Protein chains: 2
Amino acid sequence: MPSTPQASGLLTDLYELTMAAGYLETGFDARATFELFVRSLPARRNYLVAAGLDQALDFLEGVRFSAEEIAYLRTLPVFQAIGDNFFEYLAKFRFSGDVWAIPEGAVFFPGEPILRVTAPIIEAQVVETSLLAAINFQTMIASKAARVTQAAAGKNVIEFGTRRAHGTEAGVLAARAAMIGGCLGTSNVAAGMQFGIHVYGTQAHSWIMAHEDEGEAFRKFLEVFPDQAVLLVDTYDVRAAVDKIIALGRKPRGIRLDSGDFAADSKWARKRLDQSGWQSVIIFASGDLEEERIAQLLAEGAPIDGFGVGTALVNSIDSPSLGVIYKLVEIEYHGAVRSAAKFSTEKVTYPGRKQVYRFHRPGGQFESDIIGLEDEQFPNAEKLLQPVMTGGKRCVARTNLFEARERCRKQVSQLSERLRSLTTEPDSSPVSHSEKLENLLSDARRRLRAAART
Amino acid sequence: MPSTPQASGLLTDLYELTMAAGYLETGFDARATFELFVRSLPARRNYLVAAGLDQALDFLEGVRFSAEEIAYLRTLPVFQAIGDNFFEYLAKFRFSGDVWAIPEGAVFFPGEPILRVTAPIIEAQVVETSLLAAINFQTMIASKAARVTQAAAGKNVIEFGTRRAHGTEAGVLAARAAMIGGCLGTSNVAAGMQFGIHVYGTQAHSWIMAHEDEGEAFRKFLEVFPDQAVLLVDTYDVRAAVDKIIALGRKPRGIRLDSGDFAADSKWARKRLDQSGWQSVIIFASGDLEEERIAQLLAEGAPIDGFGVGTALVNSIDSPSLGVIYKLVEIEYHGAVRSAAKFSTEKVTYPGRKQVYRFHRPGGQFESDIIGLEDEQFPNAEKLLQPVMTGGKRCVARTNLFEARERCRKQVSQLSERLRSLTTEPDSSPVSHSEKLENLLSDARRRLRAAART
């Protein structure tokens, strides 16, 4: 495993750095705890799947400010009144904090902290933006992938979306998150090399169009890839193409439909292939697929063996944003510990260092979660947050994506039918707050109101 | 300007590489022309804004396969039957083709090629996925930014979305595209350094919450940033916060509202600030903003001087995908030139090397576009596609983002009211195909049908 590459400290919002300067210049050397969570369920999601932790920890281990970057910061108008002290601090900047997190692939719900950072306040603040970007994106994609693979009901789903991803890095990360959510593999070769994800894909329309004759295009591809060719049959006419392949007499690994009436064409093609003794030739479908269309095709009895899902998956197209936030919940300053909460209109956050306690039914089915303070005792509850970094160093192995995918599969299967439903909203939240946490919130509210009156 | 960094050739779909092996192994050394375009208008968009060209050209100049990457490819099952010839080819791989493109910031419409690649077919094929990812994403974001800034009607819009972007690279690229679409700047510091975009931002809720007293939090920040502080006033109670700032007697640069009733609070705050003689203190708003909400606020007379727009902008949340595609349109093999088209159900593509001819009214207003063949003559028409790369080398300067933003602003302002509308769809497309192009499509269709009958 290569060592963690350096990451630029400038991959952040400017206000993180102005606040850092502010804390430093005013001597506010507090130790702070921030929690990262999703405020509310996005549209069309009953549960979420945690992903992106490895990239978040990579960032924390690798974040640095280079001399060139510091020179750039010195040119910004906002820092003109700031002395050398701050820039010298940045040159030596390392993240030295402790992190607790929910493992990748775990199912979770809004309000539940999925990552908790305790560190000198400047460090915890500077890393906010990149932590959010890492967790927010992959969690959104893994949560979508869990729906898509659930709809595929055991048929293979391959992530095909790099070309529609938000740049090439997003394509690689989407492939990773899609695997956590249940995909068998990806078309993205870089993701295959970087993360050991299985890669798939054989030919595009251009291969067919580049040759004058479609049958000749198939024949040549089979020559080069005798055992691996999945031939694309919709460039001109699906049924004519299938007949051309059969006429070649050379069995491909499969055929791919990329447009047209997938149900009718797959049934027709399956019959034709079987009549030719080609029962082992697979039928693969791609093109504007998502969970509803896949479920519909399978309900119609379409004999499709695998699905390539791109745009809808890597953009979580039916629910294209996730409100992951990172909030200060506790601060320790000159020996005194104070919990912090926010009471903006419609945006209350709970104070205190929290833990998520999960309860299962005797048969292993998921029952409910309680969000409580970290030191509460709930017999028989599973504690979702576990330490992942101590003093700025990882204290757990990197995520094994095969294990994370299995964790996701298992936890989704343990949800109630209602929570697992792709079409129905849950009638109530399976999450509540502990009495101690509610009391802490009331105390904080009372304290702030009292302060406001003075 | 640093030289273009290397880019991994693995940032692609596996099928690009299997086709490359196929072309090489079968000796198919054709020269191909591919065109990149958007098939149809996405929801809620009447026009699109080209962006991402610089990153596309960076990729073409820098794409390489390292020894480590080639070693990985050799392990893939699909390549087990492929000889050394292919891997030796990849080790020497360079993009040597010619590229024409529409400049960044230009307004365009579906069906119009925005980038055209002519190269040895393997090269043109291998780069497809990364080209699409670069252009698709930034074009989607620039097109959204044009709407948001149009709604802001001259008020400043700052891109605030990195934390909700698809990873940190996507955050940087979104900031770039948002500027092309009209944003004044970004909160993303790395984008500021890399692209010279102006960066903005001052403090978050955590600064307020970290201090026991809100007034004290304001006072300390003003001490460190006497001329630059934009103070966040919605952590507990907006109006109480504004009064605390006024009571400090130290004028901030501005205040920021991040939740609540922006119209009512901004009117109240403006009055209060003005009464204190603080007419120059700006009011900035952020939090779940998009074009409709901004237009509504301004229509209600909210005295807001600038808007921070994040999630909705960097995810193009109301229209979260764009169908940019890359299609083979012409092939030259052993001296014979043949145009290529595709006739899948609902997915016809026009053959031939094309140009976009734009017509203006005498006053400079946009009139219409004709998509024609590259060598057609239309007096008075502006040709949108221009050469940007020859023999694998850039033949134009990198995009000046200030010029691209001005190009976008000007071209959007030249559109008809109907096309510029944020709420109404155009009654008809302003784009048609030339007679020569329609004839070429009919010829290709006839040729393929004749071939199908034999």
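Asn439(A) counts as partly exposed because 13 C-beta neighbours lie inside 10 Å. The scale runs by other C-beta atoms within 10 Å: 20 or more is buried, 12 or fewer is exposed, and in between is partly exposed, with C-beta atoms placed from the backbone. Asn439(A) is found in helix 17 (residues 435–453) of chain A. This is a predicted model: local features need pLDDT of at least 70, side-chain atom pairs count only at pLDDT 80 or more, and totals for chains, interfaces and linings use all residues. Residues are numbered from 1 along each chain as its sequence is written, while chains are lettered from A and ligands numbered from 1 in the order in which they are written.

**Chain A overall**

- Chain A has 17 helices and 23 strands. Both are DSSP runs numbered from the N terminus: helices are H or I with at least four residues, strands are E with at least two.
- Of the 454 residues in chain A, 55% are buried.
- Along the principal axes, the C-alpha atoms of chain A fill a box of roughly 85 × 55 × 35 Å.
- Take the contacts in chain A between residues at least 6 apart in sequence: 73% of them join residues at least 24 apart. A contact requires C-beta atoms, placed from the backbone, within 7 Å.
- Asn439(A) and Gln194(A) are separated by 245 residues in sequence and by 47 Å in space, C-alpha to C-alpha.

**Two domains in chain A**

- Domain 1 of chain A covers 7–126 + 322–453, and domain 2 covers 142–314. These bounds come from an automatic or database domain assignment.
- The C-alpha centres of the two domains of chain A lie 39 Å apart.
- Between them, 16 residues of domain 1 of chain A are in contact with 18 residues of domain 2 of chain A.
- On the domain 1 side, strand 3 (48–49) and helix 15 (401–414) of chain A each supply at least two residues. Helix 15 of chain A gives the largest share, 6 residues.
- By class, that side of domain 1 of chain A has 8 nonpolar, 3 polar and 5 charged residues. Nonpolar means Ala, Val, Leu, Ile, Met, Phe, Trp, Tyr, Cys and Pro; charged means Asp, Glu, Lys and Arg; the others, Gly among them, are polar.

**An open sheet in chain A**

- In chain A, 4 strands form an open sheet in the order 20-18-19-23, with mixed pairing. Pairing requires at least two DSSP bridges between two strands.
- Strand 20 (382–383) and strand 23 (431–433) of chain A stand at the edges, each with a single partner strand, so one side of each has no neighbour in the sheet.
- Strand 18 (residues 354–360) and strand 20 of chain A pair in the antiparallel sense over 2 bridges.
- Arg358(A) has Glu382(A), in strand 20 of chain A, as its bridge partner.

**Contact between chains A and B**

- Chain A and chain B each put 92 residues into the contact.
- Helix 1 of chain A gives the largest share of the chain A side, 8 residues.
- The chain A side divides into 46 nonpolar, 30 polar and 16 charged residues.

- Helix 1 (residues 14–25) of chain A packs against helix 10 (residues 214–224) of chain B at an angle of about 95 degrees, with axes 9 Å apart. Axes are lines fitted to C-alpha atoms, for helices over the stretch in contact, and angles run from 0 to 180 degrees between N-to-C directions.
- That makes helix 1 of chain A roughly perpendicular to helix 10 of chain B. Angles under 35 degrees are roughly parallel, over 145 roughly antiparallel, 65 to 115 roughly perpendicular, and the rest oblique.
- Ala21(A), Gly22(A) and Glu25(A) meet Lys220(B), Phe221(B) and Val224(B).

Definitions and conventions. Contact = placed C-beta atoms within 7 Å.
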